Amino acid sequence: MKTKIGFIGIGNMGYGMVKNLLAHDFSILAFDIDQEKLDSAVKLGAEKAKSIQEIADLVETVVLALPHP
């Protein structure tokens, strides 16, 4: 079974991290307020989360790749 990681933020840094994790057999549940960025992660193979709460409910490990603290 693949390890599922929640990922919030699919910008310049987040996109590369998601791509790398997917290439190393992880499963990604992703969220971003920018629909185009989220869709780019889905095209790589990530699953789209409906909300941040869904990520919190479904995975133990969450990565934040946000532009501001």
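Modeller: Let us begin with pairing: two strands pair if DSSP finds at least two bridges between them. Please keep in mind that this is a predicted model.

Colleague: How many bridges join β1 to β2?

Modeller: There are 5 bridges between β1 and β2, and the two strands run parallel. Within this pairing, isoleucine 8 stands opposite phenylalanine 31 in β2. On the pairing of β2 with β3, the sense is again parallel, over 2 bridges. There, alanine 30 stands opposite lysine 48 in β3.

Colleague: In what order do the strands of the sheet lie?

Modeller: The open sheet has 4 strands in the order β3-β2-β1-β4, with parallel pairing. Because β3 (47-48) and β4 stand at the edges with a single partner strand each, one side of each has no neighbour in the sheet.

Colleague: Which residues make up the largest nonpolar core?

Modeller: A core of this kind gathers buried nonpolar residues joined through side-chain atoms. Here the largest one has 12 residues: Ile5, Phe7, Ile10, Val18, Leu21, Leu22, Ile28, Ala30, Leu38, Ala41, Ala46 and Ala65. At least two residues of this core come from each of β1 (4-8), α1 (12-23), β2 (27-31) and α2 (35-44). Helix α1 supplies the largest share, 3 residues. Another core, of 6 residues, lies apart from it and includes Ile8, Phe31, Ala49 and Ile55.

Colleague: Which residues does phenylalanine 7 touch, leaving aside those up to four places away in sequence?

Modeller: Phenylalanine 7 touches Gly14, Met17, Val18, Leu21, Ile28, Leu29, Ala30, Phe31, Ile55, Val63 and Ala65.

Colleague: How should I read the charged side chains?

Modeller: Side chains of opposite charge can pair when their charged atoms come close. In this model the count comes to 3 salt bridges.

Colleague: Which parts of the chain does the pair of aspartate 25 and lysine 2 link?

Modeller: The side chains of aspartate 25 and lysine 2 meet in a salt bridge at 3.5 Å, N to O. This pair links distant parts of the chain, 23 residues apart: aspartate 25 is in the loop between α1 and β2, and lysine 2 is in the segment before β1. Aspartate 25 counts as partly exposed because its relative accessibility is 49%, and lysine 2 is partly exposed at 48%.

Colleague: What salt-bridge partner does lysine 4 have?

Modeller: Lysine 4 pairs with glutamate 47, with the closest N and O atoms 3.0 Å apart. The link is again between distant parts of the chain, as lysine 4 in strand β1 and glutamate 47 in strand β3 are 43 residues apart. Lysine 48 forms a salt bridge too, with aspartate 39, and there the closest N and O atoms are 3.2 Å apart. Lysine 48 is partly exposed at 39%, as is aspartate 39 at 30%.

Colleague: Finally, which residues form a nonpolar patch on the surface?

Modeller: Val62, Leu64 and Leu66 form such a patch, with about 280 Å² of accessible area together. Leucine 66 lies in the segment after β4 (61-64). Its relative accessibility is 47%, so leucine 66 counts as partly exposed.

Technical notes. Residues are numbered from 1 along each chain as its sequence is written. This is a predicted model: local features need pLDDT of at least 70, side-chain atom pairs count only at pLDDT 80 or more; totals for chains, interfaces and linings use all residues. Side-chain values use heavy atoms; hydrogens and water are left out. Patches are made of residues with over 30% relative accessible area and no salt bridge: like charges are joined within 9 Å, nonpolar side chains (Val, Leu, Ile, Met, Phe, Trp, Tyr) within 5 Å. Accessible areas come from the Shrake-Rupley method with a 1.4 Å probe; for residues, only the protein chains shown count as cover. A salt bridge is a side-chain nitrogen of Lys or Arg within 4 Å of a carboxyl oxygen of Asp or Glu. Buried means under 20% relative accessible area, exposed over 50%, partly exposed in between (1.4 Å probe, protein chains only). A nonpolar core is a set of buried Ala, Val, Leu, Ile, Met, Phe, Trp, Tyr and Cys residues joined through side-chain atoms within 4.5 Å. Contact means heavy atoms within 4.5 Å.
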